[in-house]
Amino acid sequence: AMAGASAAYNVPREVLLAIRQGNQQRVEHLVSGLVTALRAQRSAKPAASPPQLTLTPQSASQHHVDGLTGGDAGALATPSDLAAPDWPTGLELGTPIWDFACAVQKLARLNLGSQRESLWHEVSGFVSASACSMHPREVAVFCNAFAIGAPGQLQGPVGDVLLRRAAEVADFMTARDFTMAVHGLARADVGRHASDSVKRLAAVAKTLRLDEERPQQPALLLNAFVRLRHSNDPALFGRWFGLARKTLTAWGAQPLALLCHAFASVGRKGRARTSDEGWCEIADRCAAVVQGAEAQDLACMAHAFTKVDASASAVASFFNALEKFLCERPLVSDFLSARDFAMIANGLAHHRQPCRPAADDLREWRVCHPAPLTNWPLEEQAARRLRDLPPQGLALVLHATVRLRRIDAPFFTVVARRLLALRASLVAPELAIACSAAAEALPLLGTQAPSFLLRHLRGECLRLLPGFSPWQVSYTATAYAEAAAVIGPGLWRDQDQARAFVHGLFERAEQVMLKAEKLQHLQGLISQIAVS
């Protein structure tokens, strides 16, 4: 048995002690012994009348349980990773499951080198066989441990059994353990068979009494249920929206960013019990924490506020505070990563100019040159990091600089050339955004720079058209119809290319446009392209 010859010797507790002492060499030695003991237990033959597995959960104070996991650690599992070893029914672990769970959770945060795969293989087998007997807190700790150390395993049998057991014992979990379990299980592969378990967890969540001084709990739970594909539940999401409004003074930048991201990721049904008044309060709180926030949290907020159906006036306080911060902060290019920069620029552009202006208004801007829509010189920041931006970032930055009127022909051309250098890796969303930005720039910059980009993107449009979504078809058709009206036949290499483009757009529009009036509008745009 794992406890060894002496009942006083307990391998998981020795692991915890070695970790606490910082003795890495002893930790590695103990992990090797732990894996060997698990294999020996699995290979042993159970007695004719196997004893019932005795569970001895410890008090919360006996072992420290680590907090919740942070970012996306670990890689996705391969099919061989997901095959858990068989653990015969009736075998005892030989040590309290609670001790084992705490040790595994601590080990999940360590670099175990060559022993990592062996350890998680054996732990997966034990959990797959024993989860049905685990106590609530043991389930929570194992969910957290796998989410940190072996998230790919949660996409297989381990995730299935832990999800099922968590649903069974959810009523007996504390708010902290429930949050730990659900947040960890968000990495599981939620198939049709698991939907009942997720619904059960959601039902418990609606009555769960969360700690009002720990805003991380509702923020993490909101995101976890989104990842578990339970996002159209207005009662659940509305309850936590109300809790956030009630306790906003306790919310810092990270939980606010998580909250905003969750609501931006759900459908409108899930946001049915939110309100402009509520979003105004949340935006005011976000504005209050801008100065001390991490760049990724600001980027998450800026992106989310354009997706939650809040009016521009409701979230204006946040965008005003963000703009002031970006203008005044020294070395802002060192503060923002390329990804964060692109997301903030795009969010600010959508807030300041949510709808595409008419061509006549844009031509008037070219003549009158009124002030840009932001004081933040984002084009200068963009010029410094063009090499760091992926195709998606380049498309978002191009769109943002055009929409915010911080654009000129030389800068447009530089971004366009960089985007074209990466066009083989373009995907449909960023391609549609780039085409739309080029067409919107025509009245601002004249035809030369925008038409250069559109002519070179037409082949990529033909390549990706079969996978276009409705909005991508609409963006692309609108862009090329407007360009064709100004440029004419010069937009195309030859008539064959023009015919193939028109035919492809017609075919895809008929496939994805379900509303007759939208299809008719699109067909009108495509006809304008054909006439050119």
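The model is predicted. The chain's secondary structure comes to 26 helices and zero strands. Of its 532 residues, 54% count as buried. Among contacts between residues at least 6 apart in sequence, 80% join residues at least 24 apart.

**Nonpolar core**

- The largest nonpolar core holds 182 residues. Within this core, Phe142, Leu162, Phe178, Phe305, Phe318 and Phe412 touch the most other members.
- Helix H22 (residues 428-445) supplies the largest share of this core, with twelve residues.
- Phe305 is in contact with Cys260, Trp279, Ile282, Ala283, Cys286, Val315, Phe318 and Phe319, leaving aside neighbours within four places in sequence. One of these partners, Phe318, is also listed with Phe305 among the core residues that touch the most other members.

**Helix H14, an enclosed segment**

- Helix H14 spans residues 295-304, and eight of its ten residues are buried, so the rest of the structure largely encloses it.
- The buried set is Ala295, Asp297, Leu298, Ala299, Cys300, Met301, Ala302 and Ala304. Asp297 is one of the buried residues of H14, and under the class scheme Asp counts as charged.
- These buried residues pack against five helices: H12 (253-265), H13 (276-288), H15 (316-328), H16 (332-335) and H17 (338-352).

**H7 against H9**

- Two packed helices are described by the angle between their axes and the distance between the axes.
- For helix H7 (residues 157-169) and helix H9 (residues 195-205), the axes come within 9 Å and cross at roughly 35°. The crossing of H7 past H9 is left-handed.
- H7 contributes Leu163, Arg164, Ala166 and Ala167 to the contact, and H9 contributes Ser197, Val198, Arg200 and Leu201.
- By class, this contact has five nonpolar, one polar and two charged residues.
- On spacing within such helices: an α-helix has 3.6 residues a turn, so residues three or four places apart point the same way.

**Salt bridges**

- The whole structure has 22 salt bridges.
- Asp177 and Arg137 meet through their side chains in one of them, at 3.1 Å from N to O. Asp177 sits in helix H8 (residues 175-185) and Arg137 in helix H6 (residues 136-149), so this pair ties together parts 40 residues apart in sequence. Asp177 counts as buried, at 6% relative accessibility.
- Arg339 and Asp340 form a salt bridge with an N to O distance of 3.9 Å. Arg339 counts as exposed at 56% relative accessibility, whereas Asp340 counts as buried at 7%.
- Arg493 pairs with Asp494 in a salt bridge, and their closest N and O atoms are 3.5 Å apart. Arg493 is exposed, with a relative accessible area of 60%. Asp494 counts as partly exposed, at 33% relative accessibility.

**Loop residues with positive phi**

- Asp309 is not a glycine, yet its phi is positive, at about 65°. Asp309 lies in the loop between H14 and H15. At 45% relative accessibility, Asp309 counts as partly exposed.
- Leu331, also a residue other than glycine, has a positive phi near 55°. Leu331 is placed in the loop between H15 and H16. Its relative accessible area is 61%, so Leu331 is exposed; the cut-off for exposed is over 50%.

**Ala186, a buried loop position**

- Ala186 is found in the loop between H8 and H9. Its relative accessible area is 6%, so Ala186 is buried; the cut-off for buried is under 20%.
- Ala186 touches Ala224, Arg227 and Leu228, not counting residues up to four places away in sequence.
- From C-alpha to C-alpha, Ala186 and Leu220 are 10.0 Å apart in space, and they are 34 residues apart in sequence.

Note on methods. Residues are numbered from 1 along each chain as its sequence is written. This is a predicted model: local features need pLDDT of at least 70, side-chain atom pairs count only at pLDDT 80 or more; totals for chains, interfaces and linings use all residues. Side-chain values use heavy atoms; hydrogens and water are left out. Buried means under 20% relative accessible area, exposed over 50%, partly exposed in between (1.4 Å probe, protein chains only). Helices (H or I, at least four residues) and strands (E, at least two) are DSSP runs, numbered from the N terminus. Contact means heavy atoms within 4.5 Å. A nonpolar core is a set of buried Ala, Val, Leu, Ile, Met, Phe, Trp, Tyr and Cys residues joined through side-chain atoms within 4.5 Å. Axes are lines fitted to C-alpha atoms, for helices over the stretch in contact, and angles run from 0 to 180 degrees between N-to-C directions. A crossing is left-handed if the near helix is turned anticlockwise from the far one by less than a right angle, and right-handed if clockwise. A salt bridge is a side-chain nitrogen of Lys or Arg within 4 Å of a carboxyl oxygen of Asp or Glu.
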